[in-house]
Amino acid sequence: MSSTLRATLTHFLEQCKNMRELKQIHTHIIKSPFLLEQDQSFLNTRLLFFCALSDSGSQTYAAGVFRVIKNPNLYLYNIMIRAYASIKANAFDEPASFRSLELYKQMVGDGIRPDCLTFPFLVKECAARIDGGNGRSVHGQVVKYGFRKDLFVQNSLTNMYSVFGCLICARKVFDEMTERDVVSWNSMIKGYLRSGDLDEAIEVFREMKKRSVFSWNSIITGCVQGGRAREALDFFHEMQVVEGVRPDKITISSVLAACAHLGAVDHGTWVHGYLRRSGVESDVVIGTALVDMYGKCGCVEKAYEVFMEMPKNDTLAWTAMISVFALHGFGNEAFDLFEKMEAAGVEPNHVTFVGLLSACAHSGLVEKGRWCFDVMRRVYLIEPQLYHYACMVDILSRAGLIEEAERLIRSMPMKPDVYVWGALLGGCQIHGQVEIGEMAAHRLIDMEPLNHAFYINLCDIYAKTGRFNDVKTVKSLMKERGIKKEVAGCSMIEVDGVVLEFSVRGSPDIVLNEVSWVFSQLNNEA
């Protein structure tokens, strides 16, 4: 009778969909006179697992069930430790509310020895809380109970120290591992990328013998975010041709971002074609990345075509298309699209208004810029940030409304940054406003005294108004401070799918030879 009832209730637990059903099953377990003690214990364990770890469960109810279980074993403790570790720490939680660690201490106090499943959950919560003190304490417990060579425990420790930014500790754990899997390597790569050490991340990546798509995604995304877009494309090519790893949506998004950065439209078009051929789902994220890529490569019509083909457009997609119009000076088109966005019931965000204000700056739409700045606050309750003020100052400055731009800066509730003063300085250069331009330049020089651009801009303002003695003074100041134009001028062009960079510091020899030959032919014809 007991075994039959146990099988029936086990089946009900497996089919359970919500807490109402579970409470009914729990009542049967408690009230039934036909269940043996070991069967009741087994069912309580299954019930606790559902309560604590299922999306349809209740951790409060699980805690109540756990409290009434006499002499819980290691398996039950691990369930509850895992459940508590899965709860996102509240910003207002006190350190004392570290319930998984409290339960661990209770377990050890009860004489129950932890196993390799206990520690990864504790370490995970320490990482989530950025709790270095308890993290090191848990590491000490790992050593004490002899799990220094356990792969899963060591992986969790490597990740924890990486999250803390303690790469020396993470690398020490990593180097001491007698066995490593792809998770071990990925944790180390992510740690270096998180700390901004792209070269070290690439070095670890190169040491890997077996790489997952996650490994490739990490390094490609790291290169894009680190401003090394050409390397990102090289890695993408290697990923497919050398190792035959199938890219996923994250890979595609990162590669499209690299193409956008380089203006490599041939690469971007190939990726777009690959999406269609491979059957990789083109969701709103990839669609938005395509719009951004085509826009930054100068293909406005193609960007709009992709945008219109997207089955669903969210705020980011609308904003991306508005920004494309803004970038290329299509101010009226940007505002027409904004009207359609409003009609579609999509709420704009602060970036949307950056796009609209940029459109006004590039198209000379001063009145629309004023309207936009007002609507943002009054209708959408978005308080202008520094970048909004920088755009508005840019609009006014480009239009020659220098004094109004200066008044706007004076009224800002926050301290103006280099972009705000830079926008004012740019307008002064265009319109020959020496006095305000001089003031803006000195503000910028005070903020970034080693930035050569501000000195050169000031020289330009002086030169345009014939104040050559002041030009000499600024240049003398630059010499005195040891300031030189350090950023070499460069340009990039895509030829037959290959991105080539030309710089005063040097360019590919083969290409330079071809360019020299063309110049030579042109001279002969002249």
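Reader: Which residues lie nearest the centre of the second largest pocket?

Author: This is a predicted model, in which local features need pLDDT of at least 70 and side-chain atom pairs count only at pLDDT 80 or more, while totals for chains, interfaces and linings use all residues. Residues are numbered from 1 along each chain as its sequence is written, and side-chain values use heavy atoms, leaving out hydrogens and water. On a 1 Å grid over the protein atoms alone, a pocket is an open set of points, for a 1.4 Å probe, with protein on both sides within 12 Å along at least five of seven lines; lining residues have an atom within 4 Å of a point. The second largest pocket is lined by 15 residues, and those nearest its centre are Gln 40, Ser 41, Asn 44, Ile 69 and Lys 70.

Reader: Which helix supplies the largest share of the lining of the second largest pocket?

Author: Helices (DSSP runs of H or I, at least four residues) and strands (E, at least two) are numbered from the N terminus. At least two lining residues come from each of α2 (19–31), α3 (37–53) and α4 (59–68). The largest share is five residues, and these come from α3.

Reader: What is the volume of the largest pocket?

Author: A volume is the space filled by probe spheres set on the grid points, which are joined across faces, edges and corners. For the second largest pocket this gives about 390 Å³. For the largest pocket the value is about 520 Å³.

Reader: How many residues of the lining of the largest pocket are charged?

Author: The lining has 22 residues, with Asp 292, Lys 296, Thr 319, Ala 320 and Ser 323 nearest the centre. Ala, Val, Leu, Ile, Met, Phe, Trp, Tyr, Cys and Pro count as nonpolar, Asp, Glu, Lys and Arg as charged, and the others, Gly among them, as polar. By these classes, twelve of the lining residues are nonpolar, seven are polar, and the number that are charged is three.

Reader: From which helix does the largest share of the lining of the largest pocket come?

Author: The helices that each supply at least two residues are α15 (249–262), α17 (284–296), α19 (315–327) and α21. The largest share, seven residues, comes from α19.

Reader: How many of the 13 residues of α19 are buried?

Author: Buried means under 20% relative accessible area, exposed over 50%, and partly exposed in between, with a 1.4 Å probe and protein chains only. Among the buried residues of α19 are Trp 318, Thr 319, Ala 320 and Phe 325, and they pack against α17, α18 (300–309), α20 and α21. The helix is largely enclosed by the rest of the structure, because its count of buried residues is ten.

Reader: Which helices are included in what covers the buried residues of α22?

Author: Helix α22 covers residues 366–378. Its buried residues are Val 366, Gly 369, Cys 372, Phe 373, Val 375 and Met 376. Their cover includes α20 (331–343), α21 (350–363) and α23 (386–398).

Reader: Does Asn 186 count as buried or exposed?

Author: Asn 186 sits in helix α11 (residues 182–194). Apart from neighbours within four places in sequence, its contacts (heavy atoms within 4.5 Å) are Met 208, Ser 212, Phe 214 and Ser 215. Because its relative accessibility is 8%, Asn 186 counts as buried.

Reader: What percentage of the residues of the protein chain count as buried?

Author: The chain's secondary structure comes to 29 helices and two strands. Of its 526 residues, the share that count as buried is 44%.

Terms used
The expected span of a helix is 1.5 Å times one less than its number of residues.
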